Amino acid sequence: MLIYILKRLVYVTPVAIGVSIVCFLLVHITPGDPLSAILPSDATLELQEQMRAAYGFDKPLPVQYALWFWKVIHGDLGTSLATGRPVASEVGRAVSNTFILSTTATLIGFTFGTFFGFVAGYFRDSWLDKLASGISVLGVSVPHYWLGMVLVIIFSAQLGWLPPTGAGPDGSGGWRPDLEHLRYIILPAITMSVIPMGVISRTVRALVGDILNQEFVQALRAKGLGEYGVFKHVVTNAAPTALAIMGLQLGYLLGGSILIETVFSWPGTGFLLNAAIFQRDLPLLQGTILVLAMFFVALNLIVDVVQTALDPRIQRG
Amino acid sequence: MKTTRLTAALAVLAFALAGSAAHAQGTLRIGMTASDIPLTTGQADNGGEGMRFMGYTVYDGLINWDLSSATKPSDLVPGLAVSWSVDEADKTKWIFKLREGVKFHDGSDFTAESAVWNLEKLLNDKSPQYDPRQSAQGRTRIPAVASFKAIDKYTLEITTKVPDATLPYQIAWIMMSSPTQFEKVGKTWEAFAKTPSGTGPWKLTLFIPRERAEMVPNADYWDKARVPKLDKLVLVPLPEANARVAALRSGQVDWIEAPPPDAVPSLTQAGFKIVTNAYPHNWTWHLSRVEGSPWNDIRVRKAANLAIDREDMKELLSGLMIPAEGFFPPGHQWFGHPTFKLKHDVEEAKKLLAEAGYGPGKPLKTKILISASGSGQMQPLPMNEFVQQNLAEVGIQVEFEVVDWNTLINIWRAGAKHDSARGATGMNYTYFIQDPFTGFIRHLQCNLAPPAGTNWGYYCDPEMDKLFDQVRNTFDKEKQTAILQKIHEKYVDDALFLMVTHDVNPRAMSAKVKGFVQAQNWFQDFSPITMSK
């Protein structure tokens with residue numbers, strides 16, 4: 001097993017280097033000038049050229065890449081052009097904010113998803129099933145930035161119940177799960193939760209339907225077990241798959257959502273990426289994409305290892 | 001299990017809704033259009049908005065802008081310098097008498113040495129306090145400065161490269177940060193940014209990058225009349241226009257910059273104030289004067305200016321514009337008395353075009369660069385299409401090359417002759433026109449063609465250059481104004497730009513905001529504002 005893990009780690013290295021090259025090139029081949037982030041818009045061409053040299057953007061791309069890569073493997077993601085702050089600290093803060101939002105959203109999605117799924121699965125083909133399934137289909141098909149805007153219009157602009165933007169009364173500094181901060185997370189978390197809710201609900205519905213049709217359920221009922229007892233058995237059987245799906249959905253959401261975070265000005269990775277793109281802040285953009293990409297590389301590695309540990313037959317060469 | 005979870009969630013929701021936030025009295029929260037808190041170290045970034053909120057609030061210039069009047073264009077007033085004058089014998093030598101007894105927020109004294117230290121922070125890359133970020137912002141603002149020195153504790157001497165009477169306008173850009181605080185925080189601007197210290201009416205107390213900045217009044221401010229009345233001023237970056245409107249409507253902020261025009265009617269209906277005023281901004285087509293450009297013919301330039309129905313365009317923008325009567329907004333002290341009136345006259349325009357050799361059988365075809373959106377660009381797509389339609393009516397067929405705003409800026413720097421201009425003969429560009437240099441000189445002085453400057457169209461007229469020289473060499477304020485008027489008259493009478501409109505800098509605010517005077521300026525004063533309960 002240890003050898004397998006080491007082997008997988010060796011395989012990951014070229015992938016990681018490849019990812020870093022793609023990150024670097026992607027942001028350099030896109031149109032726009034990184035210096036626009038720091039120069040006043042009426043600066044002259046002369047000053048622009050001087051600044052280009054000062055920031056090293058006049059060097060050939062391979063040289064720029066090598067310099068950047070050298071710093072990255074030493075843990076330095078560089079300095080944001082637009083803010084002059086270290087990229088690592090900016091990305092770190094954003095990751096923690098996205099983590100707060102996506103775990104909350106996953107919890108909400110899981111709670112409602114399993115609830116609707118069980119209801120639909122238990123009362124298959126009844127109007128309750130149609131209603132619950134309808135909600136989950138809506139969940140996966142509604143564009144969530146649209147939903148976010150509608151929620152803002154209703155609950156913030158019209159009713160004035162919940163704040164429409166930001167992570168807390170004083171920004172994200174000192175975030176804690178108290179009421180004042182929870183008010184800020186409700187709208188973005190609900191918006192973000194509709195997709196996992198839809199996915200989990202549909203999976204659970206199918207699972208519950210399958211389990212209810214299995215012979216052991218009939219046997220339980222034949223032995224005279226009450227409906228509550230049967231329900232407990234169904235839950236126990238459905239839980240592993242539902243939890244696995246929830247884990248996957250959490251993985252997706254941790255990548256951050258540019259649209260939702262921008263609509264709600266939630267200071268996570270999606271919001272940071274959006275700002276970096278608009279400001280042509282290359283170091284910040286490279287750093288954020290690299291961290292997110294590495295996150296997925298690590299996630300895949302962990303999944304592979306865990307899967308192999310659970311079932312040695314699927315060991316990948 | 002399900003039900004308990006649900007009940008818990010509902011309880012949290014109910015609590016959250018009940019606890020609607022109670023805000024401290026006298027706190028003004030502003031939603032900015034910038035996506036980050038502007039640079040806090042002194043020379044702010046994020047253009048005019050950055051200087052408005054993070055420049056003239058925490059800091060002062062040696063010279064400040066008088067932002068107390070809404071009815072007349074603002075002018076310069078003494079700031080950290082009480083007076084300034086040019087040496088009669090050597091017109092490149094300026095003496096600034098500095099204000100005594102001024103203290104930075106950290107308690108240290110402001111002296112001539114501090115002023116020198118601050119100029120070095122921008123211009124001397126060998127000095128320990130040199131800051132490339134502030135330098136990028138500030139250096140272009142003081143092109144005239146050659147050298148500087150402290151004569152005594154409260155006297156500063158600045159020498160210019162050539163005689164230049166516009167120096168005071170340039171110096172008004174430069175913000176004074178505290179050298180003592182810089183030493184105290186370990187001589188790095190990164191640390192200084194978190195705990196900045198200036199001499200301005202506001203002290204920065206909280207700074208969370210990209211999210212929030214908070215300021216409290218500087219009770220010891222040297223200008224007692226401008227000690228802020230509020231308890232606190234909060235800045236929140238909200239780059240997304242709809243998010244800004246939602247934040248205002250839900251009471252999360254009390255004031256937003258640049259509400260989208262289509263949100264204005266509903267905001268007014270909901271009881272919010274829309275504050276607008278003229279300010280030195282224009283929305284023009286900068287015309288190329290490179291050989292072969294049709295705009296080299298004054299009749300074509302005049303015809304285009306007469307073709308635009310500016311009143312109709314105003315309706316398109318829900319009234320949020322001032323129709324252009326010249327390059328500067330009507331009523332500006334440099335407007336003068338141009339004879340060419342920018343009216344809507346299709347017949348006259350057709351006649352002029354016919355004289356220039358164009359007509360129904362031979363329309364004038366040309367290409368113009370425009371952007372899809374951008375800072376200060378107002379609503380470039382519908383507005384340019386409107387202009388295109390107007391021009392088509394008189395026989396000028398315009399084809400647009402639409403590029404992203406940052407690309408347009410780079411093409412503007414590179415000049416009309418550069419390949420990146422793609423053979424276009426004009427570009428839609430909006431200008432910050434606050435002083436003689438940004439207002440006139442940089443656009444049309446012969447030797448400021450790219451790469452040395454931003455005379456995009458390579459215009460060159462010795463007569464205009466002579467007027468620019470006169471402005472630089474006229475140190476008497478009234479006489480200088482008369483020359484600036486003459487320059488503006490030439491701008492209009494020679495129809496040097498396609499002059500379309502001026503923005504009115506709209507901002508929307510809660511009815512609780514009292515005492516705000518919207519100066520005719522890019523910068524504003526937050527000191528007189530109070531919040532009613």
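Which strands of chain B does helix α8 (residues 241-249) lie across? Helix α8 of chain B lies across β1, β11 and β19 (507-509) of chain B. This is a predicted model: local features need pLDDT of at least 70, side-chain atom pairs count only at pLDDT 80 or more, and totals for chains, interfaces and linings use all residues. Residues are numbered from 1 along each chain as its sequence is written, while chains are lettered from A and ligands numbered from 1 in the order in which they are written.

**Sheet in chain B**
- Seven strands of chain B make an open sheet with mixed pairing, ordered β8-β9-β10-β1-β11-β19-β12.
- β8 (202-208) and β12 (273-275) of chain B are the edge strands, each pairing on one side only.
- Neighbouring strands of this sheet are turned by 20° against each other on average, direction ignored.
- Helices (H or I, at least four residues) and strands (E, at least two) are DSSP runs, numbered from the N terminus.
- Strands pair if DSSP finds at least two bridges between them.

**β1, β11 and helix α8**
- β1 (residues 27-32) and β11 (residues 255-257) of chain B pair in the parallel sense over two bridges.
- Ile30(B) has Trp255(B) as its bridge partner in β11(B).
- Helix α8 of chain B runs at about 165° to β11(B).
- Axes are lines fitted to C-alpha atoms, for helices over the stretch in contact (C-beta atoms, placed from the backbone, within 7 Å), and angles run from 0 to 180 degrees between N-to-C directions.

**Domains of chain A**
- Chain A is assigned domain 1 (1-74 + 280-317) and domain 2 (91-279), with bounds from an automatic or database domain assignment.
- Their C-alpha centres lie 31 Å apart.
- 11 residues of domain 1 of chain A are in contact with 11 residues of domain 2 of chain A.

Methods
Contact = placed C-beta atoms within 7 Å.
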